[in-house]
Amino acid sequence: MSRIIDDITGSDLNRLKQLFSPEKVKEGANVALSGVFDTFHRDFSVGIARGKYLQLTSRDIRQIRKVIKEQSGFDLLTDSIPNSRTDMAQFFPNEKLSSRPVKDKVIKIYGTLSTNINKKKYNLEDCMNIEVPLGSLKSIEHKQVIIVENYEAFSRFRSINSDMCLNPLVIYRGDKEGGVISKEIAKSFPHIELVAWFDTDPSGISFAVASGASHILIPSISREALIEHGNSTLFKDQYRYWERVSKVLPSKLEALISSVEKGITQESIVANSIPLVLYPLK
């Protein structure tokens, strides 16, 4: 007989758990003859094959429970599927069967004057930020929170000229390594004013809207400055988004970008000391 637990998958484990409703334990069940059930039928003579399905009696279901418990210690009737890899590894060689990701999204944050989170105050040097698993951020003691798309702009936000409050909490939107945040902050902290600062181009504005923020930071920029510091390639490549998102902007800025046909990146705004102003998202 095989060690069935060596090859069991997360899908297999969920299918096995579904057998142990009171009705199925008493009356039996029909299941697709695939995966773990195919192995049970082939190696343990469990059930009667009928085409693509396997007919299981209550006795077969008890046998399945017995085999899994003898091989792993896991009781399909009484035990819940573990959430963590550590707990799963107590029963199965493949600890990745757990239903919870091993790594929570990790966000980088700081306050421009002090960082006030989870009822504690942290005074950081200008070059410093705090990395926090998103699930561990329980409270934010700031009037405003700003999500920033670009890491360079995030790290230099203390020097940005904007009309935000004195001590906003600055959050880096993230990357593939730590995870990208979208509406998590808006959903977890609905009573805090959430601001989005992304590139001022069709794609960036679209991301800002998707963040769930109530306000957006936009450049206070002249036509001459946009012509000099803007990027026409980005605007043209992303033009398919423009009609959908352009109405989010104040009419003056919308008209300016449309006529110049350039957007402007956060890096360019930082490098050229272009001031930013708050604008409510519609």
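A disulfide is a pair of cysteine sulfur atoms within 2.5 Å. In general terms, a disulfide is a covalent bond between the sulfur atoms of two cysteines. The model is predicted: local features need pLDDT of at least 70, side-chain atom pairs count only at pLDDT 80 or more, and totals for chains, interfaces and linings use all residues. Residues are numbered from 1 along each chain as its sequence is written, and side-chain values use heavy atoms, without hydrogens and water.

View 1. The structure holds 0 disulfides. Cys 127 is exposed, at 68% relative accessible area. Cys 165 is partly exposed, at 25%. Buried means under 20% relative accessible area, exposed means over 50%, and partly exposed lies in between (1.4 Å probe, protein chains only).

**View 2. An open sheet of 3 strands.** The strand order is S1-S3-S2, and the pairing is antiparallel. Strands S1 (29-32) and S2 (48-50) stand at the edges, each with a single partner strand, so one side of each has no neighbour in the sheet. Neighbouring strands are turned by 30 degrees against each other on average, direction ignored. Strands (E, at least two residues) and helices (H or I, at least four) are DSSP runs, numbered from the N terminus. Two strands pair if DSSP finds at least two bridges between them.

View 3. Which residue stands opposite Ala 32? Tyr 53 in S3 takes that place.

**View 4. Helix H3 on the sheet and against helix H4.** H3 (residues 35-44) lies across S1, S2 and S3, at about 65 degrees to S3. H3 also packs with H4 (residues 58-72) at an angle of about 90 degrees, with axes 12 Å apart. The two helices are therefore roughly perpendicular. Phe 37, Phe 40 and Phe 44 of H3 meet Ile 64, Val 67, Ile 68 and Gln 71 of H4. Axes are lines fitted to C-alpha atoms, for helices over the stretch in contact, and angles run from 0 to 180 degrees between N-to-C directions. Roughly perpendicular covers 65 to 115 degrees. Contact means heavy atoms within 4.5 Å.

**View 5. An open sheet of 7 strands.** The order is S7-S4-S9-S8-S12-S13-S14, with mixed pairing. S7 (130-133) and S14 (276-280) are the edge strands, each pairing on one side only. The twist averages 30 degrees from one strand to the next. S4 (residues 106-111) and S9 (residues 169-172) run antiparallel, joined by 3 bridges. Gly 111 stands opposite Leu 169 in S9.

Technical notes
Parallel < 35°, antiparallel > 145°, perpendicular 65-115°, else oblique.
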